[in-house]
Number of protein chains: 2
Amino acid sequence: MEIVEKAKLAKEAIRTWQRVKSSLRNKVLEEMALILINNKDEILSANRIDLQNAQDKGISGALLDRLALTDDRIMDMAQGMREVASMPDPLGEVLHGMVRPNGLQINKVRVPLGVIGIIYEARPNVTADATGLCLKAGNAVILRGGSEAVRSNQRIVALLRQALVNVELSPEIVQIVEDTDRAQVQQMMKLNQYIDVIIPRGGAGLIQAVINHSTVPVIETGVGNCHIFVDESANLADACAITINAKTQRPAVCNAAETLLVHSDVADEFLPQVYEALKAKGVLVRGCTQVKQILPDVELASESDWETEYLDLTLAVRVIKTFDDGLDHIARYGTRHSEAIVTESYTHAQRFLAEVDAAAVYVNASTRFTDGSQFGMGAEIGISTQKLHARGPMGLNELTTTKYIVYGKGTTRA
Amino acid sequence: MEIVEKAKLAKEAIRTWQRVKSSLRNKVLEEMALILINNKDEILSANRIDLQNAQDKGISGALLDRLALTDDRIMDMAQGMREVASMPDPLGEVLHGMVRPNGLQINKVRVPLGVIGIIYEARPNVTADATGLCLKAGNAVILRGGSEAVRSNQRIVALLRQALVNVELSPEIVQIVEDTDRAQVQQMMKLNQYIDVIIPRGGAGLIQAVINHSTVPVIETGVGNCHIFVDESANLADACAITINAKTQRPAVCNAAETLLVHSDVADEFLPQVYEALKAKGVLVRGCTQVKQILPDVELASESDWETEYLDLTLAVRVIKTFDDGLDHIARYGTRHSEAIVTESYTHAQRFLAEVDAAAVYVNASTRFTDGSQFGMGAEIGISTQKLHARGPMGLNELTTTKYIVYGKGTTRA
């Protein structure tokens, strides 16, 4: 079926779906969890074909690892569904209500976004995770995963749709773009009539392609060139612990630190100690010329290092002359994701928090906390690095919009 | 100067501007009001050249009227600035705050969006109005008005920038695209690095062009194909008053009604009385075949009438068989702006409010209330008909984003 037909079906189905009570929406997610567990073997055998095809194409390493499903990963997908089911319902909340002087009663109420398109890479677990979050918030979902995962995704979506049928609801609120060529996804990004928002999940290339081609509104997620700025007044033990945590606790994610900025007044004392700790964790350091004077055996950084989201155990390190130079560096190279300062200066802490333009700004804490569960919102669909609609971790509330509900008594405008 | 240079200047200037206290931001707007009044004659003479050029190009009627400035209109612009200055500061509000189990203190705080691009038609008053709202909310603004108003806009912007200089602030937070060809505005819509959001203000063609070409996130405003649905249980006197108000109180605006839907059970009684009232107001009616049976002298509507935003004294009228048919018509032809039902049925009122997908849904009230001032938010920058970020009238809050401010104590993630 053509993507336009699927999108139309999703748009139509949402008129019924949005009337479904939260208890039944939760039941759908429970049913989805169950059906995934009960049909594990079927999913795994579809996944084995995907894996074989990927290996035949020469895909290996991290990409292959993300594509691979196991018993445990399927259990995690089911567990994720159950956790989302147990979260509070975001819908119906009255965000603001008033009676106007003319008696008009106006309530601003949280409602579903509508039809959400998710464009992602070859990670079949996203298929279930994204569906759970979108459906819980009353939305329909159109999934377009990476072509390497096509059979796994087809299988998972067939099961999720069956779960809807099992509870006597229309399966059309979950749609998958099965075509692996680019024509359908290109078309999908222009379906403003049927799709309310597209959320790309994946690397910088994928996100940029969606931004460039979509006329449907996009929520930009992901790229994090995050900094740790060690100020002259920093507690150096804290600075060391925070640097190690932000760089090494999970280097492949967007909230990991990529550049360490060190004030020149503490560089002589701090750099040798943090370098020891980094080396012990297997981190490769690429430093500016001043760093190299203090740590002669590090590699020399080039301009491109300040711009790079390594997503692995590499850290760019730069000595900074003044606090303002530090802010300038972050303004120039940061991607407005998560930025941290380590300082004991009240004034510098306040200025950093106010002046650094990012989704999350930290004093004396690791950038690794920018995450839905760490921020207390449960599962997340991604981390927004744009300023419209949602900024930072996006949970269920960020998958909703609002509507003004107005009660009159034959009220007309004077 | 090239647009990319201007956008860069705006982006840089915002780092200082966002530190400016609200009392000084208000003083800037007061200064702007004053400078507009004191230099009225200068603005009027620039406007006279624009008007002459427009007339030479054969422009007339409503377009010419919108382009024309008068003493009163300039006073209104100044008065608008003063009103925005007197509104509460949207910035700094803590929307949500918590302490996490690990001691991390997280506040979600309202901050400026950043650099806002406004693309609009030949209405020089928008130049001042949009600047006032954007600046009050801590943003920089890049203005691109219709080419017919270029001299008026240049003069107004020069004065607004002078006002900033007068209070010893950088004028670079107000930029104007002076070039009247399309090259610069095309470039502007791709400057994701420097521009945070673009808001188009104008007709459907302008808005669609911006959606199609912009990679910068867009807030879609405007088009309103709004319906009044007269249910079988309606109080017909209310229905008549609401129809007349929604159609005729100000027909050229987006929240005016364009189609009247009448339940077949009340068509015989209601249509003659509403038609009399509409005729008395000079409204031309285009009706479906059933309407024509009751009102033989109306014009016959075609399919395109259900899709048309007339923006003048024309009304499409259709007889509807069931309540659900009414919802279907609105789902198919509505533009998700403002929709109203007139009914005494509790169940139909509740279903209409829940199931109609629009920025504002009304029971027993005119669609004309969808407006910033009517909703108690003061001046507005436009009415969003998209679901991301802002929906319905956009006031100062809608010109902001949020930022997570996180206080740790050497806190790292386990």
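Leaving aside its neighbours within four places in sequence, which residues is B:Gly287 in contact with? In this predicted model, the list reads B:Lys292, B:Leu295, B:Val298, B:Ala301 and B:Val317. The glycine itself sits in strand S9 of chain B, a run that covers residues 284-287. B:Gly287 counts as buried because it has 26 C-beta neighbours inside 10 Å, and the cut-off for that label is 20 or more.

Now for the side of chain B that touches chain A. Here 55 residues of chain B are in contact with 55 residues of chain A. On the chain B side, at least two residues each come from helices H9 (204-213), H10 (236-248) and H15 (346-355), and likewise from strands S13 (360-365) and S16 (400-411). S16(B) gives the largest share of that side, at 11 residues. Sorted by class, the chain B side holds 25 nonpolar residues, 18 polar ones and 12 charged ones.

Strand pairing also runs across the two chains. Strand S16 of chain A, residues 400-411, pairs with S13(B) in the parallel sense, over 5 bridges. At the residue level, A:Tyr407 has B:Val363 of S13(B) as its bridge partner.

Technical notes: Residues are numbered from 1 along each chain as its sequence is written. Chains are lettered from A and ligands numbered from 1 in the order in which they are written. This is a predicted model: local features need pLDDT of at least 70, side-chain atom pairs count only at pLDDT 80 or more; totals for chains, interfaces and linings use all residues. Helices (H or I, at least four residues) and strands (E, at least two) are DSSP runs, numbered from the N terminus. A residue is buried if 20 or more other C-beta atoms lie within 10 Å of its own, exposed if 12 or fewer, and partly exposed in between; C-beta atoms are placed from the backbone. Two residues are in contact if their C-beta atoms, placed from the backbone, lie within 7 Å. Ala, Val, Leu, Ile, Met, Phe, Trp, Tyr, Cys and Pro count as nonpolar, Asp, Glu, Lys and Arg as charged, and the others, Gly among them, as polar. Two strands pair if DSSP finds at least two bridges between them.
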